[in-house]
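Hi everyone, and thanks for coming.

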Amino acid sequence: MFPTTKSQLIENLINFSEKELASYSKKRNFDFGPPHKNVSKLSPYLRTRFISEEEVLKIAVNKKNIKTSEKFIEEIFWRTYWRGWLESHPWIYEEYLNTSNNQPLPRKTGIKCFDSWKEELIDTGYLHNHSRMWFASIWIFTLGYSWQSGADFFKKNLLDFCPASNTLGWRWVAGLQTINKPYVAKSDNISYFTNGRFNPNGQLIEKVNLNYAEQNSSNVFPFMRHNKIEFKNFNNLGIILNKNDLSLNHIFDNKKMTYECCVYSTEHETKLVNEFNKNIILDILNNNKNFEITENYNQIIDWLVNKKIKNLVLPYETVGNNIFNVKNFKNKLKQLNINYNFFLRDWDRNAFPYATKGFFKFKKNIPNLINLADI
Ligand SMILES: Cc1cc2nc3c(=O)[nH]c(=O)nc-3n(C[C@H](O)[C@H](O)[C@H](O)COP(=O)(O)OP(=O)(O)OC[C@H]3O[C@@H](n4cnc5c(N)ncnc54)[C@H](O)[C@@H]3O)c2cc1C
């Protein structure tokens, strides 16, 4: 289901656009089971920007089908929205990390759909969106586990783990994101949207009453509009790609700039996820013979010195995604007299300031954001 070469990914995307996109809005909520043809399965690639949002939409959407693609475009913006929202509420992620409590996980529960989704997630690194919602709801309300332990379980096993989409997705199901409005999984709904594959009638807790206190809205830090980067005077330019953005260099290619590039590869605790991450990086290295791979800070420093880098560009690090935005590393760059810039793509720069409240408000800006992205 998840190819690890860009060429195969693009072929799949073209196929999806030709055969599935027109019925996406009608069918996207159905979980027909693997191989999930009715949805794009792009999340592991968008999360790492192995392919960027603009690239996806330029392939999938053309002026003729912009109307039929509206729902798909809106879904693409959900990730942007969650990421932007977490930027203006950074303590929410801290709170999750601090309350994550390593609860032991449910083994066989006897709830067929739940056990099956758990296996699917472990075996493939993916779950359909609707099943993530049902799974999270059963986890919290029927089985009585904490939402944080569920978020940890997803974090460990998803190919597309994204601190914002995951934490806020679990909070939303738990009734914390839209306060006291939990997402409650219903057996009828599961039966209908799995096309009768499952019917947990009588097995789920379908009535939930919550009484959380309203959140203090003064804790919002509106996202400050970042200055656009000056592309002038970038001599001895180096770019480090990492799981936050594996295609940032394309922006510099488009400007016909020369640069040195290395890809920073990190380990993941789960074999399946680790192999997927390593293989997409391998594809980048195969397509760019002059790129190097680095696996720790010392190797990066050696690379910077060997290549005589004077200006360094790194992917912008949103909340939960810190890799290089740490004191020791930045001090080292200062010592080496290297200017550095955490590069925020225009896609995020334009959208994040609108993501401080609900998605409904944010959504109104999508046509304008699409125009700005020149799609
Ligand atoms: C509890 C829970 C946890 C989740 N955790 C993650 C996570 O860690 N990482 C992650 O990428 N997504 C997460 N999601 C969102 C969503 O389930 C996946 O992005 C989606 O299932 C990806 O499948 P797809 O690419 O086939 O989606 P498609 O329906 O084809 O959508 C296209 C793209 O739109 C974006 N998208 C669609 N729905 C959402 C959504 N609800 N939130 C954010 N982006 C969306 C994704 O980038 C996706 O690739 C979570 C949802 C829930 C309910």
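Predicted model: local features only at pLDDT ≥ 70, side-chain atom pairs only at ≥ 80, totals over all residues.

The protein chain is divided into three parts: domain 1 (6–88 + 355–372), domain 2 (92–219) and domain 3 (237–344). Notice that domain 1 is written as two stretches, 6–88 and 355–372. Domain 2 and domain 3 have C-alpha centres that lie 33 Å apart. Their contact takes eleven residues from domain 2 and nine residues from domain 3.

Now please turn to the ligand. Which domains give residues to the shell around the ligand? Domain 1 and domain 2 both do, so the ligand lies between them.

There are 27 residues around the ligand, and those that come nearest are Tyr 24, Ser 40, Lys 41, Tyr 126 and Asn 129. Sorted by class, the shell has 16 nonpolar, six polar and five charged residues.

Asn 129 has a polar side-chain atom 2.8 Å from an oxygen atom of the ligand. For Asn 166, a polar side-chain atom lies 3.3 Å from a ligand nitrogen atom. With Glu 75 the backbone takes part: one of its polar backbone atoms is 3.1 Å from an oxygen atom of the ligand.

How much of the ligand's accessible area does the protein cover? On its own the ligand has 820 Å², and the protein covers 96% of that. Helix H5 supplies the largest share, six residues.

Next, let me show you Asp 160. You'll find Asp 160 in the loop between helix H9 (147–157) and H10. Is Asp 160 buried or exposed? Its relative accessible area is 6%, and buried means under 20%, so Asp 160 counts as buried. Its side chain makes a polar contact with the side chain of Ser 43, at 2.7 Å. If we leave aside neighbours within four places in sequence, Asp 160 is in contact with Ser 43, Pro 44, Arg 47 and Arg 132.

Now for Asn 296, in the loop between strand S3 (292–294) and helix H14 (297–306). Asn 296 is partly exposed, because its relative accessible area of 33% falls between the 20% and 50% cut-offs. A polar atom of the Asn 296 side chain lies 3.2 Å from the backbone nitrogen of Asn 298. Asn 296 and Asn 339 are 43 residues apart in sequence, and 20 Å apart in space from C-alpha to C-alpha.

Last, a few backbone details. Pro 34 and Pro 35 are joined by a cis peptide bond, with omega at about 10°. Pro 35 sits in the loop between helix H2 (24–27) and H3.

Which residue other than glycine has a positive phi near 65°? That is Asn 180, in the loop between H10 and helix H11 (187–193). Asn 180 is partly exposed, at 26% relative accessibility. Asp 374 is not a glycine either, and its phi is positive at about 60°. Look for Asp 374 in the segment after helix H18 (366–372), where it is exposed with a relative accessible area of 59%.

That's my tour, and I'm happy to take questions!

Technical notes. Residues numbered from 1 in each chain as written. Heavy atoms only, no water. Near = heavy atom within 4 Å. Polar contact = N/O pair within 3.5 Å; in protein donor to acceptor, adjacent residues only side chain to side chain. Areas by Shrake-Rupley, 256 points an atom, 1.4 Å probe, with all protein chains shown as cover. Helix = DSSP H or I, 4+ residues; strand = E, 2+ residues; numbered from the N terminus. Nonpolar A, V, L, I, M, F, W, Y, C, P; charged D, E, K, R; others polar. Domains from an automatic or database assignment. Buried < 20%, exposed > 50% of the residue type's maximum accessible area, 1.4 Å probe, protein only. Contact = heavy atoms within 4.5 Å.
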